[in-house]
Amino acid sequence: MKKTFIVFFIYLLQFNYVIANTTITFIDMDKIMLTSKPGSSIVSQLKAINAKNLDIFKNGAKKLKEKESKLITQKNLLSELDFQTKINKLKQEIENYNVNRDKINNNFNKLRIDSTNKLLVLINPILMNYSDNKSISLILNKKNLVVGKMELDITDEIIKIINKEIKQFKIQ
């Protein structure tokens with residue numbers, strides 16, 4: 001029994017030694033994506049693309065409304081067959097507009113995700129190098145933490161390094 005207790009005690013000491021030499025930090029990836037130069041560049045480029053898309057959508061919807069209004073005013077002037085033909089044509093245009101809008105939205109979302117992933121691929125070696133230089137065993141994402149000391153937050157240091165190493169990020 002004593003031997004088992006001694007072996008267990010030695011094992012417990014070794015386990016505590018391993019934990020004591022483990023350095024854990026965390027970073028706020030959302031802050032990095034919003035405040036670093038390449039991250040803010042992505043955000044501004046995406047905002048510009050989204051604004052352009054919204055203008056296209058507004059103009060398309062406005063044209064369709066005008067066609068609908070014009071068709072309603074012509075209802076009494078057109079024969080029933082011509083009116084029905086124009087209504088069907090307008091319905092087809094609306095359907096095409098909706099399909100096109102969904103396609104543009106899906107492409108925009110894919111572009112946003114792809115751009116973010118490409119930046120994360122560029123950031124990963126920076127984090128690896130930083131953890132090697134500072135002997136950090138584990139870097140966690142802040143949004144997955146419940147509580148953490150602010151001294152363990154390395155976000156601002158990582159942003160400085162990213163700004164030095166990644167000068168520009170162009171969305172493709």
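Modeller: Ser-36 caps the N-terminal end of helix 3 in this predicted model. A side-chain oxygen of Ser-36 lies 3.2 Å from the backbone nitrogen of Gly-39.

Biologist: How do you know that the span of helix 3 agrees with its number of residues?

Modeller: The expected span is 1.5 Å times one less than the number of residues. For the 37 residues of helix 3 this gives 54 Å, and the end C-alpha atoms are 54 Å apart, so the two values agree.

Biologist: Why is Asn-53 called buried?

Modeller: Buried means under 20% relative accessible area. Asn-53 has a relative accessibility of 10%, and therefore counts as buried. Asn-53 is located in helix 3, and its contacts beyond four places in sequence are with Ile-104 and Phe-108. Other buried residues of helix 3 include Pro-38, Ile-42, Leu-46, Phe-57 and Leu-64. Among the elements that cover the buried residues of helix 3 are helix 2, helix 4 and helix 5.

Biologist: How do you know whether Ser-131 is buried or exposed?

Modeller: The relative accessible area of Ser-131 is 10%. Buried requires a value under 20%, so Ser-131 is buried. Ser-131 belongs to helix 4, which comprises residues 80–133. Leaving out residues up to four places away in sequence, Ser-131 touches Ile-136 and Ile-139.

Biologist: What makes the buried residues of helix 5 line one face?

Modeller: The buried residues of helix 5 are Thr-155, Ile-158, Ile-159, Ile-162 and Asn-163. Seen down the axis of helix 5, these residues fall within an arc of 135°, so they line one face of the helix.

Biologist: Which elements do the buried residues of helix 5 pack against?

Modeller: They pack against strand 1 (24–27), helix 2, helix 3 and helix 4.

Biologist: What makes a set of residues a nonpolar core, and which residues have the most contacts inside the largest one?

Modeller: The members must be buried nonpolar residues joined through side-chain atoms within 4.5 Å. The largest such core has 21 residues, and those with the most contacts inside it are Ile-27, Ile-32, Leu-119, Ile-123, Ile-158 and Ile-162. Two or more residues come from each of helix 2 (29–35), helix 3 (37–73), helix 4 and helix 5 (155–165). Helix 4 gives the most, with 7 residues. Apart from this core lies another of 8 residues, including Leu-71, Phe-83, Tyr-97 and Ile-104.

Biologist: Which residues does Leu-119 touch beyond four places in sequence?

Modeller: Leu-119 touches Met-33, Pro-38, Gly-39, Ile-42, Ile-166 and Phe-169.

Biologist: How much of the chain counts as buried, and what is its pattern of elements?

Modeller: Of its 172 residues, 26% count as buried. The chain has 5 helices and 2 strands, in the order α-β-α-α-α-β-α. Among contacts with a separation of 6 or more, 83% join residues 24 or more positions apart. The chain exposes about 13100 Å², and carbon and sulfur atoms supply 59% of that area.

Note on methods. Residues numbered from 1 in each chain as written. Predicted model: local features only at pLDDT ≥ 70, side-chain atom pairs only at ≥ 80, totals over all residues. Heavy atoms only, no water. Helix = DSSP H or I, 4+ residues; strand = E, 2+ residues; numbered from the N terminus. Buried < 20%, exposed > 50% of the residue type's maximum accessible area, 1.4 Å probe, protein only. Contact = heavy atoms within 4.5 Å. Areas by Shrake-Rupley, 256 points an atom, 1.4 Å probe, with all protein chains shown as cover. Polar contact = N/O pair within 3.5 Å; in protein donor to acceptor, adjacent residues only side chain to side chain. Arc of directions from axis to C-beta.
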